[in-house]
Amino acid sequence: MTYVVTENCILCKFTDCVEVCPVDCFYAGENFLVINPDECIDCGVCEPECPAEAIVPDSDNRAAPWIEINAKYSTQWPNMTRKIDAMPDAEEWKDKPGKAAMLSEAPHKD
């Protein structure tokens, strides 16, 4: 089992999860985070830290459409190892469904 970042992260990008990850397996896009499944050690410390509740085990049905997305972008986006500010309207977007089409393929820029 590994953990997967799902749709609820889009346009939020809280990074509380990044701060607690012992193996630095998070990668950052412009408006979304992903977990590298080959680096994740399945410790689960990230899941309760996510304010948007966007992180689930890959065995959770909500993970299915996001497993491939996490694997793909974790090899293309920069590694994120520290907490940064969430997106400006994160609180407004965190519980809104139907954000998949808003996922940006662009990498995070400092």
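This is a predicted model: local features need pLDDT of at least 70, side-chain atom pairs count only at pLDDT 80 or more; totals for chains, interfaces and linings use all residues.
Residues are numbered from 1 along each chain as its sequence is written, and side-chain values use heavy atoms, with hydrogens and water left out.

**View 1. Lys99, a buried lysine without a salt bridge.** Lys99 sits in the segment after helix H3 (90-93). Helices (H or I, at least four residues) and strands (E, at least two) are DSSP runs, numbered from the N terminus. Lys99 is buried, where buried means under 20% relative accessible area, exposed over 50%, and partly exposed in between (1.4 Å probe, protein chains only). The nearest side chain of opposite charge is Glu7, 7.2 Å away. Lys and Arg count as positive, Asp and Glu as negative; His and the chain ends are not counted. A salt bridge needs a side-chain nitrogen of Lys or Arg within 4 Å of a carboxyl oxygen of Asp or Glu. Neighbours within four places in sequence aside, Lys99 is in contact with Glu7, Asn8, Cys9, Ile10, Cys12, Trp93 and Lys94. Contact means heavy atoms within 4.5 Å.

**View 2. Cys12, in the loop between E1 and H1.** Cys12 is buried, with a relative accessible area of 0%. Leaving aside neighbours within four places in sequence, its contacts are Asn31, Ala86, Met87, Ala90, Trp93, Lys94 and Lys99. Pro22 is 10 residues from Cys12 in sequence, and 22 Å from Cys12 in space, C-alpha to C-alpha.

**View 3. Salt bridges.** The structure holds 4 of them. Side chains of opposite charge can pair when their charged atoms come close. One of the bridges joins Lys83 and Asp16 at 3.3 Å, N to O. Lys83 lies in the loop between strand E5 (79-80) and H3, and Asp16 in helix H1 (residues 16-20), so the pair ties together parts that are 67 residues apart in sequence. Lys83 is partly exposed at 40% relative accessibility. Asp16 is buried at 18%. Another bridge joins Asp60 and Arg62 at 2.7 Å, N to O. Asp60 is partly exposed at 21%; Arg62 is exposed at 52%. Glu91 and Lys94 also meet in a salt bridge, at 3.6 Å, N to O. Glu91 is exposed at 54%, whereas Lys94 is buried at 17%.

**View 4. The largest nonpolar core, with 34 residues.** Such a core is a set of buried Ala, Val, Leu, Ile, Met, Phe, Trp, Tyr and Cys residues joined through side-chain atoms within 4.5 Å. Phe26, Phe32, Ile35 and Ile55 have the most contacts inside this core. At least two residues come from each of strand E1 (3-5), H1, strand E2 (26-28), strand E3 (33-35), strand E4 (55-57) and helix H2 (64-73). Beyond four places in sequence, the contacts of Phe26 include Val5, Cys17, Leu33, Ile35, Ile55 and Met80.

**View 5. An open sheet of 3 strands, ordered E3-E2-E5.** Pairing is antiparallel. Two strands pair if DSSP finds at least two bridges between them. E3 and E5 are the edge strands, each pairing on one side only. E2 and E3 pair over 3 bridges. Tyr27 stands opposite Val34 in E3.
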